[in-house]
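Subject: Handover of a structure

Dear colleague,

Please find below the structure that I am handing over to you. My notes on it follow.

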Amino acid sequence: MADEFKNDPIKETAEAQASAKRSLSDILQDEANVKLRNRIFGGIIILLVVIFFGVMVYGVNNLLANEGQHPVESAVDDSISASPQDAEAVLTYLEAKVIEAGAATPAIGIETKYELRGEDDAVTVSGDNANVLTETAKLLLPKALEEVNGKTGNVSADYGENITGSLWRLDSLSPADIAAVTNNFTYYQCTACKETFDEAFTECPKCAAKNTCNKLYRDNYDFNGTLNDTPDVQAFYKPLTASDVAALLTGLNGFEVLDTKVTYANPAFSAASGRTNGRLYNIVFSRNVDLTLQLKGQDAYAAFGEFTLSLKLIKINRFNFTWPTVNLSAEMVVGAKESVLLSASINAPEGTIVHWRSLTPEIVTVDDVGYIQTGDTYGDGTVQAYYELNGEEISADCVIHVRVPVEGVALNRRREKLSVGETAQLKATLEPDNATIAGCQWFTDDPSIATVDGIIIEHEKVLGIFGGKTENIGTITAVSPGTVRIYCLTEDGAWRSSCTVTVE
Ligand SMILES: [Zn+2]
């Protein structure tokens with residue numbers, strides 16, 4: 001609206017007339033206003049400064065008070081990230097993803113297979129020669145299953161090939177058909193040792209740091225569901241056909257099949273998709289198949305007589321989607337005037353050639369095969385690897401940080417006196433303060449006199465008001481009387497500064 005008025009000639013004219021009519025008293029009045037305004041403005045500045053430092057002090061206090069006290073929530077909020085969780089949302093989501101995948105350009109692999117369920121009790125035989133027959137069946141079954149699995153008609157489609165009709169749609173299922181479903185996409189990382197875990201913790205299972213986990217989000221959704229034994233579900237999972245059963249018996253030649261009984265149980269599904277890119281990676285349907293065969297030995301096997309063979313199988317229908325992608329390191333730190341070969345891997349039709357280009361040629365250039373060359377300009381540039389598929393460009397970016405090198409380091413104290421058991425903090429200041437790799441390592445000459453523990457605080461990530469400054473703090477602990485030197489060593493350039501610590 002404001003912009004509309006600005007461009008309105010009628011309004012402009014009216015303003016011009018109004019200002020032309022301003023009298024001397026108006027102007028004097030204006031001067032008084034200006035003084036008042038300046039005073040108010042000055043007041044606001046002071047207020048802002050007070051608030052700024054207040055926030056800073058509050059922020060630092062808050063940080064210190066909270067550090068090591070609570071799991072720190074990351075910026076992503078479960079409630080605003082529309083993550084399918086309940087049966088209805090999951091069904092709707094997966095059905096949409098199956099349709100999208102069918103209409104898009106991934107390579108698709110469809111596999112149907114039977115596996116024996118469990119180890120020892122997957123094959124049981126009852127009858128006079130149960131032991132011998134069980135061992136025989138166990139020997140023959142893997143071969144039989146291999147043959148069955150060879151006949152299930154695996155399908156694969158290349159990028160862009162349409163095989164929508166071969167995909168299993170979920171629209172015949174309703175939320176009531178789902179017994180339970182989970183969608184895992186969060187994990188927890190120890191802020192101390194960086195190890196990751198599926199569950200939140202108050203004490204790190206690895207390094208035993210207390211109450212220091214960050215909640216983080218995976219790139220993928222990982223769905224696992226079980227289904228109810230409803231007519232919908234029975235219709236969805238097509239039953240074994242007579243030829244399936246006949247094929248299952250291929251390895252059992254020499255036996256007459258007197259009776260066949262097939263039962264199904266535990267229909268289930270799992271799926272994985274990209275949380276942020278919305279792509280379906282796989283969807284797997286499974287159910288337990290219990291096959292009971294009444295058999296009678298013939299000819300050479302006549303001596304076995306009649307017996308019952310029970311097989312515990314699982315039937316798996318797996319749909320794999322491989323999306324066209326270029327995979328490239330997301331970022332890389334490179335020195336000025338340096339040349340490095342980037343390499344990209346691709347999911348693409350055979351014979352696809354990757355091309356390269358720089359989006360910031362003033363900072364970094366790249367040749368046809370991915371050799372980058374930086375100049376003497378520090379900063380961030382972007383190099384892109386790409387190829388074309390069906391008129392669409394598939395690409396990935398690598399951010400090239402042309403490193404601002406460390407040119408020195410200084411400790412805030414060169415001498416320190418401590419009593420046994422006492423601790424003190426040293427702070428290392430790097431030159432320049434925008435150095436790209438701003439970490440330090442800490443060392444002691446003699447840990448029997450004093451030890452040192454270093455931490456790197458990246459303020460940008462914690463408070464957002466320090467503009468990315470990194471602080472290197474070394475905590476010295478006095479162990480026994482003596483004199484020792486404590487060093488900090490910069491990770492970039494190996495610059496060194498030391499403090500002489502006397503323990504009394
Ligand atoms: Zn840990």
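I begin with a pair of strands: strand β19 (residues 408-411) and strand β21 (residues 423-431) pair in the antiparallel sense over four bridges. Strands here are DSSP runs of E of at least two residues, helices are runs of H or I of at least four, and both are numbered from the N terminus; two strands pair if DSSP finds at least two bridges between them. L411 has A428 of β21 as its bridge partner. V409 and L411 make up the covered face of β19, while G408 and A410 make up the uncovered one. In a regular strand the side chains alternate between the two faces of the sheet.

Please note that this is a predicted model, in which local features need pLDDT of at least 70 and side-chain atom pairs count only at pLDDT 80 or more, whereas totals for chains, interfaces and linings use all residues. Residues are numbered from 1 along each chain as its sequence is written.

The protein chain as a whole has eight helices and 26 strands. Of its 504 residues, 21% count as buried. A residue is buried if 20 or more other C-beta atoms, placed from the backbone, lie within 10 Å of its own, exposed if 12 or fewer do, and partly exposed in between.

Within it, β25 (residues 482-490) and β26 (residues 496-503) run antiparallel and are joined by eight bridges; V484 has V501 in β26 as its bridge partner.

Helix α4 (residues 87-103) has 17 residues. Its buried residues are V90, L91, Y93, L94, K97, V98 and A101. Seen down the axis of α4, they fall within an arc of 165° (taken from the directions from the helix axis to the C-beta atoms), so they line one face of the helix. These residues pack against several strands, including β4 (178-190) and β9 (306-322), where a contact requires C-beta atoms, placed from the backbone, within 7 Å.

Finally, K151 is found in the loop between α5 (130-150) and β3 (155-157). K151 is partly exposed, with 13 other C-beta atoms within 10 Å. The C-alpha atoms of K151 and K113 are separated by 9.2 Å, although the two residues are 38 residues apart along the chain.

Yours sincerely

Methods: Expected span 1.5 Å × (residues − 1). Contact = placed C-beta atoms within 7 Å.
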